[in-house]
Amino acid sequence: MVDGLGNLSRQALGRRAAGPARMGADSFGSAESSRNAGRAESEKRPELGRATMTQAGAVGHTAIPACSLSFSEQCFHLKKKTLSSEDINKELLAFLSEADGEKSYDASAQTQAEDPPCKKLKLDSAQVGQDGSSEASAAHTEPKVQSEICVACLGVLQDFCDPSYTKQVCEVVRKADYKFDSLVLAVSLPAQLSVREHSCWLHIKKEVKEKSMCLDKEDVVQVKDAFKWAIQGMVGKELGTPVLTNSLFEVSVGFTHPETEADCHFLATTCSDCFKPTKNKASVFTRMAVVKALEKISDAKFLRHYPCPPVRPASKCSPLDTTCLHASVFIAGRYNKFSRELPQTPWVIDGERRMEGSVEELIADPLLSSFRADGFNFSSSGREDVDVRTLGNGRPFAMELLNPHRAKFNRAEVRQLQEVINASSDKIRVRDLQIVTRDAMGRMKEGEEEKTKSYSALIWTKKAITNSDLDFIANIKELKIDQKTPLRVLHRRPLAVRQRVIHSMSASYLDTHHFRLQLHTQAGTYIKEFVHGDFGRTKPNLCALMESEVDILELDVESVDVDWPPAVPE
């Protein structure tokens with residue numbers, strides 16, 4: 001109890017010591033002189049630190065511990081005291097005498113007591129009997145032992161700013177086995193803590209105003225900042241790496257306090273527009289939503305719904321599991337596909353997988369293993385059907401590796417990864433593999449509609465043909481076609497009519513029923529449907545142009561005209 005009140009009395013002493021200077025300043029109407037006197041006293045007494053929520057804690061229904069909203073020695077190291085118990089008692093009694101202004105206390109008579117005397121509660125007139133004795137004193141009931149949990153930080157600064165908790169956090173990081181050269185510490189506190197901080201601030205604002213003191217809300221250090229300042233240095237020292245404000249590797253710690261979850265609920269009715277359900281949040285009372293509501297609500301309305309200062313909790317915060325997360329790494333390159341039985345992505349229909357393997361899996365497996373990533377997202381510049389090969393210089397692709405435990409590879413190591421991928425299967429080949437930024441990935445999708453692609457198709461004709469029957473094809477330039485969404489992809493693509501351009505074509509005669517068709521088209525053109533017409537859903541089509549039934553037997557992508565990613569020298 002002595003320790004718990006020691007912080008309070010030291011804060012009170014700071015005000016008393018600065019009192020004469022402030023009084024002199026106030027007599028001349030100078031608020032600036034009052035502030036300067038307070039700063040001078042703080043320089044003489046460095047242990048007082050910044051202004052805290054304890055400066056008015058002894059007045060009101062609940063004393064606010066020194067750890068509340070202040071980063072100073074007494075914020076969270078409650079056991080580190082520089083004053084003796086006798087000095088603490090003297091300061092406390094002096095503060096109480098000043099606060100009441102009604103009676104004096106003999107400090108010397110109390111120096112031998114183990115605990116400082118508690119200030120007696122003033123009883124309402126309704127609770128006092130006609131003989132002058134109170135009902136409470138007549139009952140002779142034992143006073144309940146009050147919790148010493150801070151009303152503002154809910155124990156976060158009291159119990160979790162020590163080396164033991166730091167070591168627990170660092171042990172989790174070590175077991176996760178990440179490779180990193182810096183980290184950022186992310187702290188998640190219960191949303192209701194913001195409500196309690198706001199209540200404490202209103203209480204402090206009222207008290208300092210009554211004592212002609214000057215204090216802005218910006219002068220008060222928030223619990224979250226104080227906790228981070230206290231612990232991040234210890235974390236960095238324990239792990240041997242700098243803790244920065246911005247890093248690709250994030251260590252997250254958090255706390256929960258179910259006992260006070262209802263503290264936020266009144267805001268849902270007073271500021272309902274600040275709380276909107278979201279898909280990824282279990283509760284609408286997020287920290288950002290609560291802060292937004294507190295900025296909007298008036299002081300008077302807040303005080304009508306919430307006690308000031310807050311009610312002291314019976315339990316402290318409970319720590320959540322420490323988690324680690326590394327920012328994604330992005331890999332880009334080009335791939336060739338040589339098989340007509342390999343889909344680009346896993347082929348699943350009605351929950352059943354149709355074929356084993358895929359292009360993305362053959363590329364991803366070695367990368368996941370080397371980067372020790374939790375997963376991946378694959379994207380490419382267009383896609384080919386399962387029975388279509390991709391030849392030439394390949395199709396650009398990019399892969400996001402999620403939460404990699406190792407993120408840095410030099411060029412030689414990336415080149416070795418490329419060789420591992422190519423050696424794993426003869427169905428694909430990768431080239432120009434490289435690590436890129438997230439922003440660079442956007443270049444792959446830029447101007448998607450204006451890109452061009454070249455194809456080679458083996459065509460069958462029902463009508464017998466000669467070499468001269470194909471001459472007209474080479475004369476067709478910039479042919480505009482309208483393509484209704486093909487029947488074969490209608491289950492996954494919206495119904496629409498898309499206009500595409502066939503820039504040029506040429507034909508090579510093979511025999512009376514076969515020829516090779518070369519096409520240079522706008523990206524997004526459905527080549528198969530252009531050839532056979534898709535029951536008239538593509539107009540015009542090759543059937544109509546040749547006035548014969550035709551079909552496509554084989555299709556190859558010869559080139560995808562995208563100048564990304566940059567070529568990597570062999």
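User: Which residues in helix 7 meet which residues in helix 9?

Analyst: Pro163, Tyr165, Thr166, Lys167, Cys170, Val173 and Arg174 in helix 7 meet Phe227, Ile231, Met234, Val235, Glu238 and Leu239 in helix 9. Contact means heavy atoms within 4.5 Å. Before we go on, this is a predicted model: local features need pLDDT of at least 70, side-chain atom pairs count only at pLDDT 80 or more, and totals for chains, interfaces and linings use all residues. Residues are numbered from 1 along each chain as its sequence is written, and side-chain values use heavy atoms, with hydrogens and water left out.

User: How many helices and strands are in the chain?

Analyst: The chain has 17 helices and 16 strands. These are DSSP runs numbered from the N terminus (helices are H or I, at least four residues; strands are E, at least two).

User: Back to that pair. At what angle do the axes of helix 7 and helix 9 cross?

Analyst: The axes of helix 7 (residues 163-176) and helix 9 (residues 223-239) cross at roughly 55 degrees and come within 9 Å. Axes are lines fitted to C-alpha atoms, for helices over the stretch in contact, with angles from 0 to 180 degrees between N-to-C directions. Helix 7 and helix 9 are therefore oblique to each other. For the cut-offs, angles under 35 degrees count as roughly parallel, over 145 as roughly antiparallel, 65 to 115 as roughly perpendicular and the rest as oblique.

User: And what about helix 13 and helix 14, how do their axes cross?

Analyst: The axes of helix 13 (residues 359-371) and helix 14 (residues 411-424) come within 9 Å and cross at roughly 140 degrees. That pair is therefore oblique too. Among the residues making the contact are Leu362 and Phe371 of helix 13, and Leu417 and Ser424 of helix 14.

User: New topic! Is Ser194 buried or exposed?

Analyst: Ser194 counts as buried, because its relative accessibility is 7%. Buried means under 20% relative accessible area, exposed over 50% and partly exposed in between (1.4 Å probe, protein chains only). Ser194 sits in helix 8 (residues 192-210).

User: What does the side chain of Ser194 join up with?

Analyst: A polar contact of 3.5 Å links the side chains of Ser194 and Arg287. A polar contact is a pair of N or O atoms within 3.5 Å; within protein, one must be able to donate a hydrogen and the other to accept it, and residues adjacent in sequence count only if both atoms are side-chain atoms. Leaving aside neighbours within four places in sequence, Ser194 also touches Val290, Val291 and Leu294.

User: What else is in helix 8?

Analyst: Gln192 is one of its residues, and Gln192 counts as buried at 6% relative accessibility. Gln192 and Thr286 are 94 residues apart in sequence, with 9.1 Å between their C-alpha atoms.

User: Which residues touch the most other members of the largest nonpolar core?

Analyst: In that core of 35 residues, they are Ile459, Met505, Phe515, Leu517, Leu542 and Trp564. Strand 16 (residues 550-560) gives the most to this core, with five residues. A nonpolar core is a set of buried Ala, Val, Leu, Ile, Met, Phe, Trp, Tyr and Cys residues joined through side-chain atoms within 4.5 Å.

User: Last one: how much of the chain is buried?

Analyst: Of the 570 residues, 45% count as buried.
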